[in-house]
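Colleague: I would like a close look at one part of this chain. Please set that part against the whole, and keep it brisk.

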Amino acid sequence: MLLNKTGKIVEDAFVRVADDAALPESAAVLISAARFLADPEAILRREAPTGVVWPNNRNVEALASYLDRLALVALDFPKFRDGRAYSQARILRERFRFRGELRATGDVLRDQFLFLMRSGFDVFEVKKEIDALAFAEAVSRYSVFYQPAADGRQTAFRQRLIRATEGSRLLARAAG
Amino acid sequence: MYRYDDFDRTLIAERVAEFRDQVARRLSGELTEEEFKLLRLMNGVYLQLHAYMLRVALPYGTLSSDQMRKLAHVARRYDRGYGHFTTRQNIQFNWIKLHELPDALAELAEAGIHAMQTSGNVVRNITTDQWAGVAPDEIEDPRIYAEILRQHSTLHPEFSFLPRKFKIAITAAAHDRAAVKVHDIGLRLHRNAAGETGFEVIVGGGLGRTPFIGKSIKPFLPARDFLSYIEAILRVYNQYGRRDNIYKARIKILVHELGAEKFAQEVEAEWVAIRDGQLALDQAVFADIAARFSYPNYLTLPDNPPELAAARKNKRFGAWLGNSVANHKVPGYAIVTISLKPVGAPPGDATADQMDAIAVLADRYSFGEIRVGHEQNLVLPHVAQRDLPELWRALDAAGLATPNIGLVSDIIACPGLDYCSLANTRSIPVAQELTRRFSDHEQARELGRLHINISGCINACGHHHVGHIGILGVEKNGEEFYQITLGGQADENAALGTLLGPAVPYAQVADTVEDVVKAYLELRERPDEIFLDTVKRVGIEPFKERVHAAE
């Protein structure tokens with residue numbers, strides 16, 4: 001089941017194509033990194049959108065020069081506790097400015113939703129239906145964020161300063 | 001003291017609510033124990049031999065008297081009336097019930113205390129010098145950086161599922177009281193030739209089954225870059241740290257396998273890409289955090305007031321003064337260490353009544369502030385020297401004036417097989433027996449500085465590798481044996497101890513340590529050559545000969 005970042009269940013627009021199967025010319029496809037890298041230019045010349053499943057033990061830099069033509073990168077969580085793809089996601093979003101769909105696949109549970117979203121994921125392949133129902137609650141649980149990430153939220157460090165500046169402006173106005 | 005503001009308090013409350021929901025899902029069966037395990041560990045909850053254990057964070061070891069009273073309350077209401085202070089400046093409650101955990105955490109949250117990231121594969125409590133802010137030999141208060149780092153690493157979206165736990169320690173003094181060289185990252189604040197403040201960055205230190213002294217990978221990192229550089233280290237580690245074997249997953253193994261130089265290059269490449277981004281430390285942000293650390297309004301007082309001279313005539317007071325009281329950076333004041341190592345007791349334990357008593361004394365004599373040190377003792381950081389005699393009488397009455405700080409009976413020990421599900425052997429009874437053997441404080445003072453560290457298994461929570469005398473419990477054919485090492489140290493000259501010989505059975509540990517101590521007395525050149533220096537000078541062999549001859 002796929003959820004978008006508002007928690008809505010969405011259809012998968014991409015067809016997963018095995019490495020030995022023929023690529024349909026007009027359908028959006030999701031293919032392995034190995035297949036993609038074997039001949040990226042040929043694959044990207046197709047009309048329909050391309051998505052790549054990128055393993056979590058491979059440097060995402062290898063994708064950098066193709067990112068503006070990729071519609072989707074799927075990053076994997078083979079186990080809940082394996083957090084490598086969080087770094088990959090932030091690097092794709094923040095360093096390489098990837099604007100396409102970033103999909104979390106594998107062992108994806110509700111307790112990760114907020115971390116995933118903050119790291120730049122916008123589509124979540126969810127294992128448990130009950131977790132899908134709890135999406136809104138899980139991502140709105142926190143209102144304070146201490147560190148900058150891919151979601152661009154203002155950190156508490158900054159908010160304190162903004163508040164202090166506004167406070168002193170008000171005081172100055174009251175005094176003036 | 002750092003005071004949490006509404007941002008901090010809101011986040012703690014939100015964390016308690018999240019954890020309450022996770023516990024409810026576990027109790028209803030919606031979460032399996034396997035799934036819950038990872039979640040509870042991120043909030044300091046372990047499953048021990050007999051019960052759940054809650055480890056509560058005391059960031060950089062600073063707490064207020066009100067927070068201490070809250071800990072006492074939790075010890076009484078949810079536990080069995082005591083708590084255990086740890087080597088990472090935290091406190092553990094050993095008998096908490098799962099269904100009561102959320103309420104206990106909610107009560108702690110009222111006092112601005114939490115258990116976030118005291119366990120799990122995350123950045124743990126940032127530790128520092130227990131004398132931070134008052135030590136005469138420090139260049140700046142390291143807790144400001146520790147607090148910035150605490151906030152930055154709390155619920156970090158990228159680094160909440162690291163290969164393994166991650167411990168960071170900071171020192172800002174000439175003498176390292178925070179053991180920074182045996183941490184995943186050790187930061188040593190110092191000034192360069194131009195007078196600017198920056199950090200030496202040491203990485204890949206750690207104990208456990210594969211002990212390493214950390215490698216220095218950056219001699220001078222400008223203070224403005226410390227967050228981005230740490231983020232770069234964590235990012236390299238998160239991607240390349242081993243996940244195939246839990247025993248090889250700490251950053252020390254990655255640093256060792258790549259080599260410190262190659263590792264440093266990887267970090268540098270990552271850091272260059274992010275150093276001028278949002279993580280560059282803004283002076284205004286630094287000043288804002290620094291401004292929320294309040295310092296006492298010290299009085300203008302003379303050093304060595306007449307009250308002190310008069311009280312010295314009491315021998316027991318004199319012994320305590322000489323042992324447990326250190327110089328403060330403000331004239332007329334002193335730093336008092338409260339020993340949690342009385343003869344025959346488990347190291348680091350305090351009863352709820354003692355916690356309350358310490359809170360009262362902190363209010364009366366230390367501007368309401370208390371510290372926890374990694375040696376599992378407590379500290380009153382701002383005591384007027386003229387108040388020392390009164391304070392001593394009160395501590396003595398509460399059983400908190402044992403004058404053994406830094407001496408042979410000031411033992412660091414892990415909980416061992418009495419509590420811990422990982423342990424192979426007991427630690428606490430070994431420590432208790434040793435404190436009985438060395439209960440004569442006069443004799444202990446003559447022995448001088450001597451640190452004994454005991455771990456009940458190879459995970460080394462008692463830091464045995466860096467004890468002047470290290471004791472490691474191992475199991476042999478179902479029986480408890482102990483390996484003894486000599487010559488370890490955890491400070492700026494950090495070193496791992498050398499094995500004395502074959503492991504000895506439980507019943508012989510105290511005898512063997514006594515033999516080692518006797519050998520030292522024979523071997524030392526002068527009475528002020530401490531044990532560690534004798535071991536360094538003569539090596540392990542003369543000790544081997546004497547201890548074996550004694551058998």
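What follows is a look at one residue, B:A104, and then at the chain around it.

Colleague: Where is B:A104 placed, is this residue buried or exposed, and which residues does B:A104 touch, leaving out those up to four places away in sequence?

Modeller: A caution comes before the details. This is a predicted model.

Take B:A104 itself. This alanine sits in helix 4 of chain B, which runs over residues 101–110. B:A104 has a relative accessible area of 0%. Buried means under 20%, so B:A104 is buried. Leave out residues up to four places away in sequence, and B:A104 touches B:V74 and B:Y78. A contact here is a pair of heavy atoms within 4.5 Å. Now look further along the chain. B:I358 is 254 residues from B:A104 in sequence, and the two C-alpha atoms are 21 Å apart in space.

Next, the setting. Chain B has 18 helices and 21 strands. Of its 551 residues, 65% count as buried. Consider contacts in chain B with a separation of 6 or more: residues 24 or more positions apart account for 68% of them. The radius of gyration of chain B is 23 Å. A compact globule of 551 residues would have one near 24 Å, so the chain agrees with that expectation. The C-alpha trace spans about 60 × 60 × 60 Å along its principal axes. Chain B exposes about 19,700 Å², and carbon and sulfur atoms supply 51% of that area. As for charge, there are 62 positive and 71 negative charges, and their mean positions are 1 Å apart.

Another helix is worth a look. Helix 6 of chain B covers residues 226–240. Its 15 residues reach 21 Å from first C-alpha to last, close to the 21 Å expected at 1.5 Å a residue. Helix 6 is mostly covered, with 14 of its 15 residues buried.

Last, two loop residues. B:N304 is not a glycine, yet its phi is positive, at about 50°. B:N304 lies in the loop between helix 9 (283–291) and helix 10 (306–311) of chain B. B:N304 is exposed, with a relative accessible area of 55%. B:A460 also has a positive phi without being a glycine, near 70°. The loop that holds B:A460 runs between strand 17 (452–455) and strand 18 (469–476) of chain B. B:A460 is buried, at a relative accessible area of 3%.

Terms used: Residues numbered from 1 in each chain as written. Chains lettered and ligands numbered in written order. Predicted model: local features only at pLDDT ≥ 70, side-chain atom pairs only at ≥ 80, totals over all residues. Heavy atoms only, no water. Helix = DSSP H or I, 4+ residues; strand = E, 2+ residues; numbered from the N terminus. Rg over C-alpha atoms; globule rule 2.2 N^0.38 Å. Buried < 20%, exposed > 50% of the residue type's maximum accessible area, 1.4 Å probe, protein only. Areas by Shrake-Rupley, 256 points an atom, 1.4 Å probe, with all protein chains shown as cover. Lys, Arg positive; Asp, Glu negative; His and termini not counted. Charge placed at Lys NZ, Arg CZ, Asp CG, Glu CD. Expected span 1.5 Å × (residues − 1).
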